[in-house]
Amino acid sequence: MADLDDIKDGKDFGIGRPQKNEAFYLKGCGSLDWGMQSRLARIFSPKTGRTVMLAFDHGYFQGPTTGLERIDLSIAPLYQETDVLMCTRGILRSVVPPATNKPVVLRASGGNSILTELSRESVAVTMEDALRLNVCAVAAQIYIGSEYEHQSINNIIKLVDEGSRYGIPTLAVTGVGKDMVRDARYFSLASRIAAEMGAQCVKTYFVDEGFEKVAASCPVPIVIAGGKKLPEREALDMCFRAIDQGAAGVDMGRNIFQSEAPLAMLQAVKKVVHENISAREAYEFWLEAKHQEG
């Protein structure tokens, strides 16, 4: 116990200086609870308001995708360079060392495969298990316009409700089935519905025409999906254009782990997202770093 004789009155109460109430920096997230904002601040850099996520959750419906045959060999060398890991709980528990100490966005939907209807998913993780894994967000697909649209929207609603109870954000991923349209009008519709259902952030696809409208009409942060493997120069150009047109980050998988030089590609993407360098500069960086990595 403190010695009562040694207690001194406070001196500087800052009289005349109002206490600062600093606004939270993420779009549309200013009224969220402290715990949820804290988790989002681990995902989106407080310095830039942006993020680079490394997605390697493809196996939940694709199996051992090219580049993901051995997570410990192909993905582990990238852990420290990325901002966020996006994976399933099975991979997180079996392969990712706890000492990696990176924020995790946990894939929380599943129940389908590439051999069946992609949009027929269920919530595959309880929020209690997400808490046990100390994740910063949970993620699920939302398939607008699909046969199982209603079910996928309900999955988002369930995660948002349970996540709100425990302070865990939900990342809604605008899924596209085999025959679904991929244009600004569709992604604006899907992203806006996801946000209206309460998702605290949205992952969607970049489109060449009208992406700025997709980003502007979504009231919460948008990150873009990397999508199919592109030549490195094209992938970096997509990153630059997405950020320039309002995206708050990228969630890339195949364009990083299937690259000729994955670590160099991840570093180049980070320079585009966080340092605002051009796609040309980033590509030149990749070429130089590629030789060092090789």
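Some ground rules come first. The model is predicted, so local features need a pLDDT of at least 70 and side-chain atom pairs count only at pLDDT 80 or more, while totals for chains, interfaces and linings use all residues. Residues are numbered from 1 along each chain as its sequence is written, and side-chain values use heavy atoms, with hydrogens and water left out.

The structure holds 15 of them, a salt bridge being a side-chain nitrogen of Lys or Arg within 4 Å of a carboxyl oxygen of Asp or Glu. One of these pairs arginine 17 with aspartate 12, at 3.2 Å from N to O. Both arginine 17 and aspartate 12 are exposed; here buried means under 20% relative accessible area, exposed means over 50%, and partly exposed is in between, using a 1.4 Å probe and protein chains only.

Another salt bridge brings the side chains of aspartate 208 and arginine 241 together, with 3.1 Å between N and O. Aspartate 208 sits in the loop between strand E8 (201–204) and helix H8 (211–216), whereas arginine 241 belongs to helix H9 (residues 232–244), so this pair ties together parts that are 33 residues apart in sequence. As for the labels, helices (H or I, at least four residues) and strands (E, at least two) are DSSP runs, numbered from the N terminus. Aspartate 208 is exposed, at 52% relative accessible area, and arginine 241 comes out as partly exposed, at 25%.

Then there is a pair within a single helix. Lysine 271 and glutamate 275 form a salt bridge at 3.5 Å, N to O. The two are four residues apart in helix H11 (residues 262–275), which means that about one helical turn separates them. Lysine 271 is partly exposed, with a relative accessible area of 22%, and glutamate 275 is also partly exposed, at 47%.

Phenylalanine 44 is another matter. Leaving aside residues up to four places away in sequence, phenylalanine 44 touches Tyr25, Leu26, Gly49, Arg50, Thr51, Cys201, Pro221, Val223 and Ala248, where contact means heavy atoms within 4.5 Å. Alanine 248 lies 204 residues from phenylalanine 44 along the chain, yet their C-alpha atoms are separated by 8.0 Å.
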